[in-house]
Amino acid sequence: MSAATEDPLLTSSRREMRITLGLWATAMAYTLGVCLTWGYGRDPETLTFVLGFPDWVFWGIVVPWAASTVVASIFAMGFMQDGSIEHEQSDDASFDPPST
């Protein structure tokens with residue numbers, strides 16, 4: 001299918017998938033960067049705590065996961081679109097819906 005004849009539902013789904021993967025990749029890169037930088041090869045004497053968590057765990061895991069939850073919720077409730085998946089009924093006699 002060319003882009004001009006592509007189903008609008010598929011186009012919307014692809015856009016939402018790209019945004020979701022971008023958010024996930026950003027959160028993963030931040031988490032890995034902070035945890036690797038602040039968590040490994042560190043002198044234990046420099047370890048500080050934030051709300052009971054070691055600082056690298058708080059800034060590298062708790063904060064990005066909380067932020068990701070908020071951003072994903074806003075995206076899902078405010079920007080994702082609900083589309084109809086009904087197909088146009090053809091004149092094909094092989095499709096006979098059950099009677100109720």
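**Figure 1. Aromatic ring pairs in the predicted model.** Rings of Phe, Tyr and Trp, the last represented by its six-membered ring, are taken as a pair if their centres lie within 6.5 Å. By this rule, two aromatic pairs are counted in this predicted model. In one of them, the ring centres of Phe53 and Phe58 are 6.5 Å apart and the planes stand at 35°, so this pair is classed as tilted. Phe58 also pairs with Trp59, and here the arrangement is edge-to-face, with 4.9 Å from centre to centre and 85° between the planes.

Figure 2. Phe53 is partly exposed, at 35% relative accessibility. Trp59 is likewise assigned to the partly exposed class, with a value of 37%.

**Figure 3. Overall arrangement of the chain.** Two helices and two strands make up the secondary structure. Read from the N terminus, these elements follow the order α-β-β-α. The chain has 100 residues, of which 13% count as buried. Its accessible surface amounts to about 8,300 Å², and carbon and sulfur atoms contribute 65% of that area. Among contacts with a separation of 6 or more, 50% are between residues 24 or more positions apart.

Figure 4. Trp24 belongs to helix α1, which spans residues 8–39. The relative accessible area of Trp24 is 52%, and this residue is therefore classed as exposed, since that class begins over 50%.

**Figure 5. Leu51 in the loop between the strands.** Leu51 is located in the loop that connects β1 (49–50) with β2 (53–54). The phi angle of Leu51 is near 50°, which is a positive value in a residue other than glycine. With a relative accessibility of 71%, Leu51 counts as exposed.

Figure 6. Glu16 is part of helix α1. Although Glu16 is buried, this residue has no salt bridge. The nearest side chain of opposite charge is that of Arg15, at 4.5 Å, whereas a salt bridge requires a side-chain nitrogen within 4 Å of a carboxyl oxygen. When neighbours within four places in sequence are set aside, the contacts of Glu16 are with Phe75, Phe79, Met80 and Gln81.

**Figure 7. Surroundings of the buried residue Thr31.** Thr31 is also found in helix α1. Its relative accessibility is 14%, so Thr31 counts as buried. With neighbours within four places in sequence left out, Thr31 is in contact with Gly60, Ile61, Pro64 and Trp65.

Methods: Residues are numbered from 1 along each chain as its sequence is written. This is a predicted model: local features need pLDDT of at least 70, side-chain atom pairs count only at pLDDT 80 or more; totals for chains, interfaces and linings use all residues. Side-chain values use heavy atoms; hydrogens and water are left out. Helices (H or I, at least four residues) and strands (E, at least two) are DSSP runs, numbered from the N terminus. Buried means under 20% relative accessible area, exposed over 50%, partly exposed in between (1.4 Å probe, protein chains only). Contact means heavy atoms within 4.5 Å. Accessible areas come from the Shrake-Rupley method with a 1.4 Å probe; for residues, only the protein chains shown count as cover. Rings of Phe, Tyr and Trp (its six-membered ring) pair if their centres lie within 6.5 Å; planes under 30 degrees apart count as stacked, over 60 as edge-to-face and the rest as tilted. Lys and Arg count as positive and Asp and Glu as negative; His and the chain ends are not counted.
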